[in-house]
Amino acid sequence: MLSIEVDQETEAYLVEILGREKTTSDELIKRLVKERWLSLQPRQTIVERLGGHPEHLLEDAPPDLSERANRKKAIANYLQKKYPQFDRQ
């Protein structure tokens, strides 16, 4: 159990926040502490937020796929195989 003393101005702010949000002081303090803690954590990359790299897509990838021209060619080949009705002539 944590007990703190605040000045009158801070207490007035607390009472106003509690009235507007219709919550208890315990719940408000928990939420504020968690929000602050989360803001101090290192940000996840987009890939981490999405659950990591999809392993099955990279299994058979050639080692030079990181070069743009090779990626474009691989994507074009994939799309031509998947959608032959849209083959450019």
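Tutor: We begin with a term: a salt bridge is a side-chain nitrogen of Lys or Arg within 4 Å of a carboxyl oxygen of Asp or Glu. This is a predicted model, in which local features need pLDDT of at least 70 and side-chain atom pairs count only at pLDDT 80 or more, while totals for chains, interfaces and linings use all residues. Residues are numbered from 1 along each chain as its sequence is written, and side-chain values use heavy atoms, with hydrogens and water left out.

Student: How many salt bridges does a search of the whole structure find?

Tutor: Side chains of opposite charge can pair when their charged atoms come close. A search of the whole structure gives a count of 4.

Student: What is the N to O distance in the salt bridge of Glu-16 and Arg-20?

Tutor: Both residues lie in helix α1 (residues 8-21), 4 residues apart, about one turn of the helix. Helices here are DSSP runs (H or I, at least four residues), and strands are runs of E (at least two), numbered from the N terminus. The side chains of Glu-16 and Arg-20 meet at 3.0 Å.

Student: Which residue forms a salt bridge with Glu-21 at 2.5 Å?

Tutor: Glu-21 is partly exposed because its relative accessible area is 39%. The side chain of Glu-21 meets that of Arg-31 at 2.5 Å, N to O. This pair links distant parts of the chain, with Glu-21 in helix α1 and, 10 residues away in helix α2 (residues 25-40), Arg-31.

Student: Why does Lys-30 count as exposed?

Tutor: Lys-30 lies in helix α2 with Glu-27, 3 residues apart, about one turn of the helix. The two side chains meet in a salt bridge of 3.7 Å, N to O. Glu-27 is partly exposed because its relative accessible area is 42%. Lys-30 is exposed because its relative accessible area is 55%.

Student: What distance separates the side chain of Thr-24 from the backbone nitrogen of Glu-27?

Tutor: Thr-24 lies in the loop between α1 and α2. At 45% relative accessibility, Thr-24 counts as partly exposed. The side chain of Thr-24 reaches the backbone nitrogen of Glu-27 at 3.1 Å.

Student: How far apart in space are Thr-24 and Glu-67, C-alpha to C-alpha?

Tutor: In sequence, Thr-24 and Glu-67 are 43 residues apart. In space, their C-alpha to C-alpha distance is 56 Å.

Student: And what is the C-alpha to C-alpha distance between Ile-29 and Arg-49?

Tutor: Ile-29 is placed in helix α2, and at 41% relative accessibility Ile-29 counts as partly exposed. Ile-29 and Arg-49 are 20 residues apart in sequence, and their distance in space is 27 Å.

Student: Where does Tyr-83 lie?

Tutor: Tyr-83 is partly exposed because its relative accessible area is 37%. Its position is in the segment after α5 (68-82).

Definitions and conventions:
Buried means under 20% relative accessible area, exposed over 50%, partly exposed in between (1.4 Å probe, protein chains only). A polar contact is a pair of N or O atoms within 3.5 Å; within protein, one must be able to donate a hydrogen and the other to accept it, and residues adjacent in sequence count only if both atoms are side-chain atoms.
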